[in-house]
Amino acid sequence: MTSHRELMTALVLAAAVAGTAIPARAQEAEAPPLQQWSFAGPFGQYDPEQLQRGFKIYREVCSTCHSLKLLSFRNLSDPGGPGFTAAQAAAIAATFQVTDGPNDQGQMFQRPGKISDYFPPPFANDQTARAALGGGLPPDMSTLAKARGYDRGFPWFIFDAFTQYQEGGPDYIHAILNGYADPPKDFALPPGTHYNKYFPGHAIAMPKPINDGQVKFTDGTPETVDQYGRDVAAFLMWASEPKLDERKRLGFQVMIYLIVLSGLLYFTKKKIWHEVELHPELEEPRAPTEYGR
Amino acid sequence: MSGHATYEPRSPFMKWMERRLPIASLVYSSFIAYPTPRNLNYWWTFGGILAFMLIVQIVTGVVLAMHYTPNVNLAFNSVESIMRDVDYGWLLRYIHSNGASFFFVAVYIHIARGMYYGSYKEPREVLWILGVILFLLMVVTGFMGYVLPWGQMSFWAATVITNLFSAIPAVGGGIVTWLWGGYAVGNPTLNRFYSLHYLLPFVIAGVVVLHIWALHMVGQNNPTGVEPKTEKDTVAFTPYATAKDAFFVGLFCIVFAWFIFYIPNYLGHTDNYIPANPGQTPTHIVPEWYYLPFYAILRGIPNKLLGVIALASSILILAFMPWLDTSAVRSAKYRPLYRQFLFIFFAVVIGLGYLGSQEPAGGYVIAARLFTVYYFAFFLIILPLLGLFERTKPLPNSISESVLRKGAPIGASGPPPAGVKA
């Protein structure tokens, strides 16, 4: 059987099984370069200043097209987040216009946001977004950092379980923002798309969203796409996994507890089995009620 | 069989109770005085670990159900609300989702142990078959649970798996519509999956009771595969087995906690953080890792009906092991050939798991087919023939002898270990 026929059989079978056509695998994309993340590893925690910078980028750049529907303004002052005070979060909320209603006259109306509001979406619905953006639909960013990643391949996926590599999403997002380039000569770029080294299939609908110097930082952090990518990816990771700080802190305590407990259980077991193992021929079966007599 | 002391109530209340509902003596004889072979190794602790995992899954699942909404428009966001707004909701959910994986880790080790030491053989056939039923129930329950978050992989896994039934001639299409409760995977499907996902764990708990009952009728197998003959061959379940089980539950929890707290999404698929979208097929639909070997078998066969039959057979064939294996010797310790074929079988299952995660193309399909052939040949050809041709090693006369003389059978030359009176 030729490999071509094998491939066809496999594709037909996969299609039959799925009850739907599965497109052939898109052209292999480059693996994103690994970045340093403050929240990586067993003691990793978010850097509030980085999250604040990332939030600034989201607000000034991404939020033009991307919604963040699952986040509320109050989340900005939650522990383990960007570290805004409740008053600051309320002030940020007030700068957004939120649709509320219906009021006593049955009309929907706009009002300044309150801290309990969720981030208002840039478009009223998906159809409006598609109509405004030439057919493409920008994904909601609430879970984006956990919904993206890349194939680590054998044997890396095994090592990842030990090195605790869980930052495929942020690495990918950073790579996409830095992956815009001119397409190779032999690459047929579909109209309305843009070439990106790290995007599966390379043809991404989103135009290059951010350039050097576009967002101003007051703390002297470099205003480069590389830095923007890291900051906004960290912010999006927090948006996807807001309880990461708490999880890793509790995890360390649980680990210590379980290791001590297992150690004690080991010595308990050793003590109980000691006589059986030392004098197996002498050991008579005893009812547990006899212990300690 | 026991010969151990029976429960004698001492307090007036327990004496009063014992004459009306002898639950104390049931617990006493089942979990305290119950004689277990003295030579059980740590592979035997996974039964206890499985019981522990079932409790973990039910407790976390019941609490999660208090916050989850089984509706196609609300399910994804209700899970995210558990992750964000419910106190320790992220912990409950990560315990439950990783708990499913660790439930399967434990059950695979438990099954492999049974295969290695011949625990399926006479008189433990019913015990073994109940185990296969438990595994099947776990597969169904786990699958339905995976659908509930209503992400892309949830939706498409539900579509792919329910579509398998359409391969059945004549009635297949009707069955699929009946399963869906409509003409596509939709709200009725999600609703009934939720209902069944809540129900089946209690069915599992019921079958576990039968499994333990059957176990206590025939007694545990042990690494020698030789039945206990005298009281010296056994020790009381409590404290001996209990202490061993507790230690390994502790170790198991360390690995479990590593996943929950440090790599909670390692075993999941990124696409399941994208809300379900019936209009967009993921580039690569894969089930959870614990179904991958069976998925590889399904995809390796270029005919849908035959593929589905192979998929179902690959699990059901386990139930026939007691009769397919013709050897009188239980433990692989004394079966040099069976041991080798069994290790190849384990490697083949792991290999199928890897192939199941890859795109079904070219060499991967050929490899999956070869592995599938070995999978079935192991049960249908190797097991029956080995019993006829294999030269087994001499068995110890008793468990005590195996413990005392480090496995050297009576009649074998060589002095017993120092300090031991033979």
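1. **Chain A, elements.** Chain A holds nine helices and four strands. Read from the N terminus, the order is α-α-α-β-β-α-α-α-α-β-β-α-α.

2. **Chain A, burial and contacts.** Chain A has 293 residues, and 28% of them count as buried. Take its contacts between residues at least 6 apart in sequence: 60% of these join residues at least 24 apart.

3. **Chain A, overall confidence.** The mean pLDDT of chain A is 88. A value of 70 or more is reached by 85% of its residues. Within chain A, helix 8 (residues 225-240) has the highest confidence, at 98. Helix 1 (residues 3-18) of chain A has the lowest, at a mean of 43.

4. Where pLDDT is low, the predicted coordinates should not be read in detail.

5. **Chain B, elements and overall form.** Chain B comes to 16 helices and two strands. Its radius of gyration is 24 Å, close to the 22 Å that the globule rule gives for 422 residues, so chain B is as compact as a globular protein of that length. Along the principal axes, the C-alpha atoms of chain B fill a box of roughly 75 × 60 × 45 Å.

6. **Chain B, burial and contacts.** Of the 422 residues in chain B, 44% count as buried. For contacts in chain B with a separation of 6 or more, 74% come from residues 24 or more positions apart.

7. **Largest core.** The largest nonpolar core has 85 residues. Those with the most contacts inside this core are Ile49(B), Phe103(B), Ala106(B), Val147(B) and Ala157(B). Helix 5 (residues 89-116) of chain B gives the largest share of the core, twelve residues.

8. **Around Phe103(B).** Set aside neighbours within four places in sequence. Phe103(B) is then in contact with Met53(B), Gln57(B) and Met138(B).

Technical notes
Residues are numbered from 1 along each chain as its sequence is written. Chains are lettered from A and ligands numbered from 1 in the order in which they are written. This is a predicted model: local features need pLDDT of at least 70, side-chain atom pairs count only at pLDDT 80 or more; totals for chains, interfaces and linings use all residues. A residue is buried if 20 or more other C-beta atoms lie within 10 Å of its own, exposed if 12 or fewer, and partly exposed in between; C-beta atoms are placed from the backbone. Two residues are in contact if their C-beta atoms, placed from the backbone, lie within 7 Å. pLDDT is the predictor's confidence in each residue, from 0 to 100. A nonpolar core is a set of buried Ala, Val, Leu, Ile, Met, Phe, Trp, Tyr and Cys residues joined through C-beta atoms within 7 Å. The radius of gyration is taken over C-alpha atoms; the globule rule is 2.2 Å times the number of residues to the power 0.38.
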